[in-house]
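Here are my notes from going through this model. Have it open beside you while you read.

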Amino acid sequence: MKFRYDIGALRAFAVLVVVLFHYGVSGFEGGYAGVDIFFVISGYLMTKIILTSFAKDNFTLKSFYKRRFDRIVPALIILILLIVFYCMFLYLPKDYEQVNKNGIWSSLFLSNFYYALNSSYFHPSAQSNVFLHTWSLSVEWQFYMLYPLLLLPLKKAYLNNKNKFNIIFLSILFSSFILMLYFNYLMPDKYSKYVFYGTPFRAWEMFLGGIGFLYEKNVKESISKKYREIICVVLFILLFSCIYFLSEGLLWPSIYTVFPALITLGIILLNVNSKLLEFKIVQFFGKISYSLYLWHWPLIVIYGYRGEYTLNGVFCLFLFAILISCVSYYYVENKAYEIGTRKIFFISVCSISIMLILLYFNPLEKKYSKEIINLTEFRDNYDRDSQFNIKCHSDNLETLKKNGCLIINNRKKNILLTGDSHAAQYYLSLSQLIDTSQYNIVQITTSGALPLLNTKGAKGPKSVMNFVLMDYLPNNLEKFDLVLISAHWYNYKLRGYSQKEFVAEFKNLDKYMEGLNSKYLILGQSVFYRIPYPTSVALNYYYKENVNYINTDGEKLNNILKSSVNNYFDLYPMYFPELQITESPYFFDNDHFTLRATDVVVPIILKDISKRFNLNLTRRN
C-alpha cells in the first residue's frame, strides 16, 4: 500500500489535539474530536484493505484478524502491564483495585461497554481513570471484528455491481447515523452514555472513511492536483477551526460530529501528498500517534494523583510522553511482527491473569494503616440518605408528590430549598440549626439537571426543575419567606452548556427571581477536588506531604458567577480546619459536603441571610 502523507498528517493532527485537550491547553477544548478523526481514518484503511483483497481474491479472515491483532495488541498490553505495575507502588488499595478492573476490561477490548455502564466520559470522576481513553480502541477493535463479516456477503456485489454495493454501503452508513441521532436527541437521558461509547452509534464515522476509498478515484480524476492541494490546505484550516470552536458542553456524537468527520473525509478523498504534509516533524507525530495516544493519558492522570498541575510540570510530562511513545513505537510496535502472534497472545493472556489475581488478592491492603484504608473506603460507606433527606431528592415528580415533599405548612414560615444534590446536602444541617417551631423547610431537589429556566439534562430531572421554578414557585410565592438555590454549577458542561451559554442562563435565573419579588439566595460554586477528598487526605498523610488537590477551574467559574448576579453567596472562601487522619472528612467524594462540613457552612449562610434580608432564622440552643 502506497504511503499517504496526508493520512500521516491527519494522524499527527488528531493525536496532538487530543493530547493538548487532555493536558488542558487553551484553545483545544474541542480536542476530543481527534478521536473521530481517527475513526474516519480507520474506516478508510480497513475498507481499502478488505476491498482490495476482494479484488485480488486473496482475502482471508484469519490473515485480516492476525494483522489487526499484531498491530494493536502489543503496545496496548505493554502499556497496561507497566501502568498496573507502577500504580502498585503509588496508588491506595481501593484506587488500585479500580486500576486493575479497568485494565482487564481494556485488555479484553470491552472497556467502552464497562464505562458506558459506569460513568460519562466528561464526568470529573471519570478523569481519574488511567485507562479511560481505551474506550475508543475497544470501539475500533469491535468494528474490525465485525466489519469483514459484514462485507463478505457483499463481495459479489462489489466485484460485479459497484453501484449496488455503494448503495448498500451508504444505507448502512446512514442507518448508523440515524440511530445515533435518534437515541442522542430523542432519549438523551437514557442513552447518551451508550451512544458516546457504543460501536453501533460510532460505526457511521468509520463507514464515512470507507466512502473515501470508494470515491477517491472519482475526485482525483475530476479535480486537478493544483486545486486539490489548495482545497486540502483550506480543509486543514477548517479542521483546526472545528477543534477551536467545539466545547465540552456539546452533545457528542451529534450533528456537530459531522463537521470534523466530513472534513477528514474530504482530505482523504483529495489524496494530496504535498511537501507541506511531508515535513519530518508532521510525519514523526503521525508515526508515533498510536503510542502517543496510549501513553499521554495515563501519564497525566498519575501525575494528577500524586501532585499539583503546574505549567512546567505538564510541559515536562508532554515531552516525556513523546519520549516514551518513541520507545513504544520503535521497540514494541515495529517489533511486534518479529515476536509473533502466538507469543503476543500468550503474553496477553498472562497479563489478564495477573490483573485478575491482583484484583482478588490486592497486595496493597496490608501495606497501609487501618485509618488510611477507612479513608479510601469512606466514599462507599458514607450514609448520605438522612443528610440529603433522600425521600425529597428524586428525578420523578410523582415520587416527590407521593412523599409529601411539595406540602407547604401554612402555620409556619416556609423556606424552599431547591437545586441538585448540592442543595440536598444542606437539608439536615438546616433542619437542625434553624428554629423549626417557626420555620418549615420544603425541599425539592433532583440530580441530573441544574436549577435554570428551561434547563437541560435528563427528562426526569429536567421536568422536576422546570416544575419548581416555573410552576410551583410562582403559584406559591407568597407562602415562601426565602428561596435557597444551590447546585454544583461546574456541571454545566455535563448538562450540555457552553460556558457562555451557561453564564447567560445563570443571569436569566437571577433576573427571573428578582422579577418574582422574592427573597432568594443563590449558593455559589463550592470548592471541589481532582480526586475524591478522602483519598487526597490519605495520600497527604501517608506521604507526609501537603499537595493541593483542589480543581482550580472551580475558582475561575466562581469569580465569573459572583460578578454576574446580585444575591450570590460566595462559598469558595470556605476553608475548613485541618483534618486529623482519624476524623470524618469534610467531603465524601470530589465535591459533596459531609454533614460535618455543612454544620460549619450553614451557620455562616444563616448569618448572611440575617444580614442580607433582615430575616432571623434563629438557631436552636
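Which are the buried residues of helix 12? The first point takes that up.

1. Helix 12. The buried residues here are V258, P260, A261, I263, T264, L265, G266, I267, I268, L269 and L270. That is 11 of the 13 residues in helix 12, so to speak a mostly covered helix. "Buried" is under 20% relative accessible area, "exposed" is over 50%, and "partly exposed" is in between (1.4 Å probe, protein chains only). Helices are DSSP runs of H or I with at least four residues, strands are runs of E with at least two, and both are numbered from the N terminus.

2. What helix 12 packs against. Its buried residues pack against helix 1 (5–22), helix 2 (34–56), helix 8, helix 10 (199–222) and helix 11 (225–245). A contact is counted when heavy atoms come within 4.5 Å.

3. Ground rules. This is a predicted model, where local features need pLDDT of at least 70 and side-chain atom pairs count only at pLDDT 80 or more, while totals for chains, interfaces and linings use all residues. Residues are numbered from 1 along each chain as its sequence is written, and side-chain values use heavy atoms, with hydrogens and water left out.

4. Helix lengths. The expected span of a helix is 1.5 Å times one less than its number of residues. Helix 12 (residues 258–270) has 13 residues and should span 18 Å, which agrees with the 18 Å between its end C-alpha atoms. Helix 8 (residues 162–186) has 25 residues and should span 36 Å; its end C-alpha atoms are 35 Å apart, which agrees. The buried residues of helix 8 include F165, F169, L173, F177, M180 and F183, and N166 and N184 are also among them.

5. The whole protein. There are 28 helices and 5 strands. The radius of gyration is 27 Å, close to the 25 Å from the globule rule for 621 residues, so the protein is as compact as a globular protein of that length. That radius is taken over C-alpha atoms, and the rule is 2.2 Å times the number of residues to the power 0.38. Along its principal axes, the C-alpha trace spans about 85 × 55 × 40 Å.

6. Burial and contacts overall. Of the 621 residues, 57% are buried. Take the contacts between residues at least 6 apart in sequence: 79% of them join residues at least 24 apart.

7. N129. You'll find N129 in the loop between helix 5 (111–116) and helix 6 (135–151). Is N129 buried or exposed? With a relative accessible area of 10%, N129 is buried. Leaving out residues up to four places away in sequence, N129 touches N102, Y115, W297 and V301.

8. R596. This residue lies in helix 28 (residues 595–613) and, at 28% relative accessibility, R596 counts as partly exposed. Beyond residues up to four places away in sequence, R596 touches L579, E583, S584, P585 and Y586. R596 and S429 are 167 residues apart in sequence, with 9.0 Å from C-alpha to C-alpha.

9. D471. Look in helix 24 (residues 459–475) for D471, which is partly exposed with a relative accessible area of 33%. The C-alpha atoms of D471 and L108 are 50 Å apart, and 363 residues separate the two along the chain.
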